[in-house]
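Subject: Structure handover

Hello,

Here is the structure you were expecting. Please open it first, then read the notes below it.

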Amino acid sequence: MAQQEIPKEQWAQVVEKPGGPVNYKKVPVPEPGPDEVLINIKYSGVCHTDLHAMMGDWPLPPKMPLIGGHEGAGVVVAKGSLVDDINIGDHAGVKWLNGSCLACSFCMQADEPLCPHALLSGYTVDGSFQQYCIAKASHVARIPKDVSLEAVAPVLCAGITVYKGLKESGARPGQYVAVVGAGGGLGSMAIQYARAMGLRVVAIDGGEEKGQSCKALGADAYVDFTSSKDLVKEVKEATPEGAGPHAVLLLAVSEKPFQQATEYVRSRGTVVCIGLPAGAYLRAPVFDTVLRMITIKGSYVGNRQDTQEAIEFFRRGLVKVPYRVVGLSELQKVYDLMREGKIVGRCVVDTSR
Ligand code: NAD
Ligand code: ZN
Ligand code: ZN
């Protein structure tokens, strides 16, 4: 195993028990196995999924103690003996899908996120809220050297996920997509990817600051769920003939919009569920769903090809990510703001402080 100078200990944010908080402390630097790389994480985006993981919101229990994080961008500093297609010094990203078996029927047809043996960064294996993180070489994102590591970090989950979701929606250039939760991390990126893909955007979120951000990122209209008297009507009115958007991307962290989307989606339109509010259920009237030929589907991160495509959009300057950098030591503060819905765009942590 080729090695650079790697310390024995490093700083990390560790969740010791479900519900948190995170504990900023020194932990040992892990060693990569034969098919793994060790990445010196420079920056990591903070996704709402990391907060769900700490809180134990979902039916899938995370490992404990847990080092969260799955938008980690950094430099490869060590690799296992079987790794020959990525080198020490290359820039690479730790994404949600840390590894998959590559041999099951899902992996074989590039549905790696559906692999029953998938390893999830910052959930079933330790993630990027540490200075040195392990990932399967086959799955790490390849990051070109001309790309800023702090700016690209949020692409590694938020970017890939919304890009994939937009493709799953089937919306074509010139058509309208409603982005629900548009002022948050995934939402801000969804506006940008949608624009880059030739789509028009109706952004939905709460408050004036998020409205201004959505407009600045290129949304054609903004509907404020906290003040709108009739959200369904307003969303429809923002689209041609008042017929509603061709697709809806549900990125919000509350259940209500999941019950509401079929009311404003255009007939023959598609509702794509991506956000994962705790304990939430979908509800839609059977009558309308049938007579208006509505499609409702889920979309879950993306595969390796989606990853490289999403990064390439970013590298070409087609998508900008609104982000703010704070020290890794301040992660708990980020979670507190996130819980209150107060983060516009993404927070990115700098692992050197
Ligand atoms: P975030 O906290 O940055 O953004 C969520 C946004 O939703 C906030 O701006 C909030 O104001 C808004 N919101 C809340 N209630 C709303 C409502 N009723 N109507 C409109 N907007 C509302 O979170 P994020 O990091 O963007 O993640 C969003 C969700 O997506 C999380 O549940 C996360 O776990 C999930 N996620 C899913 C996947 C996937 O592959 N399916 C990938 C990444 C994240
Ligand atoms: Zn994520
Ligand atoms: Zn598999």
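**What was found**

Arg-324 sits in strand 16 (residues 323–327). Helices (H or I, at least four residues) and strands (E, at least two) are DSSP runs, numbered from the N terminus. Arg-324 is partly exposed, at 46% relative accessibility. Buried means under 20% relative accessible area, exposed over 50%, and partly exposed in between (1.4 Å probe, protein chains only).

Some ground rules. This is a predicted model, where local features need pLDDT of at least 70, side-chain atom pairs count only at pLDDT 80 or more, and totals for chains, interfaces and linings use all residues. Residues are numbered from 1 along each chain as its sequence is written, chains are lettered from A and ligands numbered from 1 in the order in which they are written, and side-chain values use heavy atoms, with hydrogens and water left out.

**Zinc ion (ligand 3)**

Cys-101, Cys-104, Cys-107 and Cys-115 coordinate this zinc ion (ligand 3), each through SG, at 2.3 to 2.4 Å. Donors are N, O and S atoms within 2.8 Å of the metal (3.2 Å for Na, K and Ca); water is not among the atoms, so sites may look incomplete. The spacing of the donors along the chain is C-x2-C-x2-C-x7-C. Cys-101 and Cys-115 link distant parts of the chain, 14 residues apart. Cys-101 is in the loop between strand 6 (97–99) and helix 2 (105–108), and Cys-115 is in the loop between helix 2 and strand 7 (119–120). Cys-101 is partly exposed at 31%. Cys-115 is buried at 6%.

The ideal angle for four tetrahedral donors is 109.5 degrees.

**Zinc ion (ligand 2)**

The protein donors here are Cys-47 (SG), His-70 (NE2) and Cys-157 (SG), lying 2.0 to 2.3 Å from the zinc ion (ligand 2). Their spacing in sequence is C-x22-H-x86-C. Cys-47 lies in the loop between strand 3 (36–45) and helix 1 (48–55), and Cys-157 in the loop between helix 3 (149–152) and helix 4 (158–169), so the pair ties together parts that are 110 residues apart in sequence. Cys-47 is buried, at 3% relative accessibility. Cys-157 is buried too, at 6%.

**Second largest pocket**

Its volume is about 160 Å³. On a 1 Å grid over the protein atoms alone, a pocket is an open set of points with protein on both sides within 12 Å along at least five of seven lines, a cavity is a set where a 1.4 Å probe fits but cannot get out, and lining residues have an atom within 4 Å of a point. A volume is the space filled by probe spheres set on the points, which are joined across faces, edges and corners.

The lining of this pocket includes Ala-110, Asp-111, Lys-164, Tyr-300 and Asp-306. Domain 1 (9–156 + 302–350) and domain 2 (159–298) both contribute lining residues, so the second largest pocket lies between them. The domain bounds come from an automatic or database domain assignment.

Ala-110 has a positive phi, near 65 degrees, in a residue other than glycine. Ala-110 is in the loop between helix 2 and strand 7 and is partly exposed at 33%.

**Cavity**

The structure holds 1 cavity of 30 Å³ or more. The largest cavity has a volume of about 40 Å³. Among the residues lining the largest cavity are Lys-95, Trp-96, Leu-156 and Val-301.

**Backbone points to check**

The peptide bond between Gly-20 and Pro-21 is cis, with omega about 5 degrees. Pro-21 is in the loop between strand 1 (9–15) and strand 2 (22–28). Met-64 to Pro-65 is also a cis peptide bond, with omega near -10 degrees. Pro-65 falls in the loop between helix 1 and strand 4 (72–79).

Met-293 has a positive phi, near 50 degrees. Met-293 is in the loop between helix 9 (286–291) and strand 15 (295–298), partly exposed at 46%.

Best wishes
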